[in-house]
Amino acid sequence: MSHAALRSKSLKLTCTKCHEDSVVSISSEGMHAFVCPFCGQPHLILVDANLGIRDFRPVSSLPVRKPFEIAKVKVKDESLIPVTLKPFWEMVKRGVLPPNFEEGFAALEALGLLEVED
Amino acid sequence: MPITPFLLAKFFSDPKEAMRLLRIASEFENYSVWRMYSALQESQLLRQLQEKPWWEFPDKDLARNLGDIFVYKGYAAWKGDALVFKSSPARPTVSTSEVADLIPVIDKVAQMLPRALLTGEKPSLIEDRAYYSKLLGSAAHKVLTDITIEVTGLPTLSESAVIVDLLPRAGLSTLSLLERTRARIVAVEPLPQNIELIKNLVKLVGQQERVVIVQSSPEAMKLPEKVNAVFASSVMHWVSNPHLVLTRVRENLREDGFLAVYQPCYEGGGLILSLFHYFFGAVRVVPKSSEVQELIRQAGFKITKATGSRGFLALRAEPQ
């Protein structure tokens, strides 16, 4: 196991809808899904290499199989991303959520490319 | 890839781009043929292709298309209706990003080819949606789509003009039209899952006010108002009745409107594209360039511009 995988950080997340606080543990950078355990509002979190929160936003839906937990969301096989979605995905990888980003994730999900890590 | 009038003209206007296009075509052909040959060799199907005529395979069109590819690349010759292999392709290098982008699709086709050849089974469009969208949304496909948009004059249409994007499937043509023209777009697409994808893509680029999506098969297209242009990107082999589709296009076009076509054809590198499209949902192998042009004339069009390279046709036609 790499040094990076052994790291983890506890973070306090405040739900954008009900404003309740939840403490979660994050151990890797990238995109994560979080569903508020109090009201069920899904959120998207972008985590940087230092395990800091780059972006935290409410979203209408997320491909999360494990509700009320934090789960890493990733693309199964980046080589299968069509050219129409590549600019969007490159932005997300750089830690930027473009306007209408939910449509980008919806498109990736519809193609069966988004997955949630156990 | 032979030098054709299209490439020759490109060499004079933009030699660097012409060289890039040549390299993309050459690398695409060489990598695809090497992968397919290797897959058939590993599954010991090369011998069957030499012993059995193409029409004895469960999917005759697939076997014939495959044989024609090896013959075109000089690795085999037809002896009657069976193949005689003369040499084997060497592992090629891939240096262009467009071909590197297509490698997952090429590898997938090569992996599934032996089974498809033996059983006639092709991948399901739903199960292999990612590959389907990748094939129809590849960087190489975008290059050819963009070239066609330019050479057929679609960017000259005004902001008030309407272009029908016929059968956009994975939405690449819709995004190319949004990027390269100023007109409003009417996307005519029958499959609900494709419509959802296109809606998402259009919203992602923030251009939803320019696009209307009509759920209809191209054969049944009936628009409330006649349009300035119809863009048919790689459509003729994806529809069950191309003549009826072209008739509908003619009915929905204004008298001063035009049809812009990008079509892979059954020759040169188009033979390989044909096999890939056929694998991922096209109803038949691609037509020959002459067949496409004849179909368009029969539907009441006059072809005013036809260019392309071997296996790729970009065409503009006007109602007459």
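In this predicted model, the C-alpha centres of domain 1 and domain 2 of chain B are 27 Å apart. Domain 1 covers 15-122 and domain 2 covers 134-319, going by the domain assignment. Where they meet, domain 1 of chain B puts in 21 residues and domain 2 of chain B puts in 17. On the domain 1 side, helix H2 (15-42), helix H4 (60-72) and H5 of chain B each supply at least two residues. H5(B) gives the most there, with eight. By class, that side of domain 1 has twelve nonpolar, three polar and six charged residues.

Take B:Leu259: beyond its neighbours within four places in sequence, it is in contact with B:Val230, B:Ala232, B:Val249, B:Leu253, B:Phe301 and B:Ala317.

Next, the other chain. 16 residues of chain A are in contact with 23 residues of chain B. On the chain B side, the elements giving two or more residues are helices H5 (97-119), H6 (129-136), H7 (139-151), H8 (172-180) and H9 (192-204). H9(B) gives the most, with seven residues. That side of chain B has ten nonpolar, seven polar and six charged residues.

Last, confidence in chain A. Its mean pLDDT is 85, with 89% of residues at 70 or more.

Conventions. Residues numbered from 1 in each chain as written. Chains lettered and ligands numbered in written order. Predicted model: local features only at pLDDT ≥ 70, side-chain atom pairs only at ≥ 80, totals over all residues. Contact = placed C-beta atoms within 7 Å. Helix = DSSP H or I, 4+ residues; strand = E, 2+ residues; numbered from the N terminus. Nonpolar A, V, L, I, M, F, W, Y, C, P; charged D, E, K, R; others polar. pLDDT = per-residue confidence, 0-100. Domains from an automatic or database assignment.
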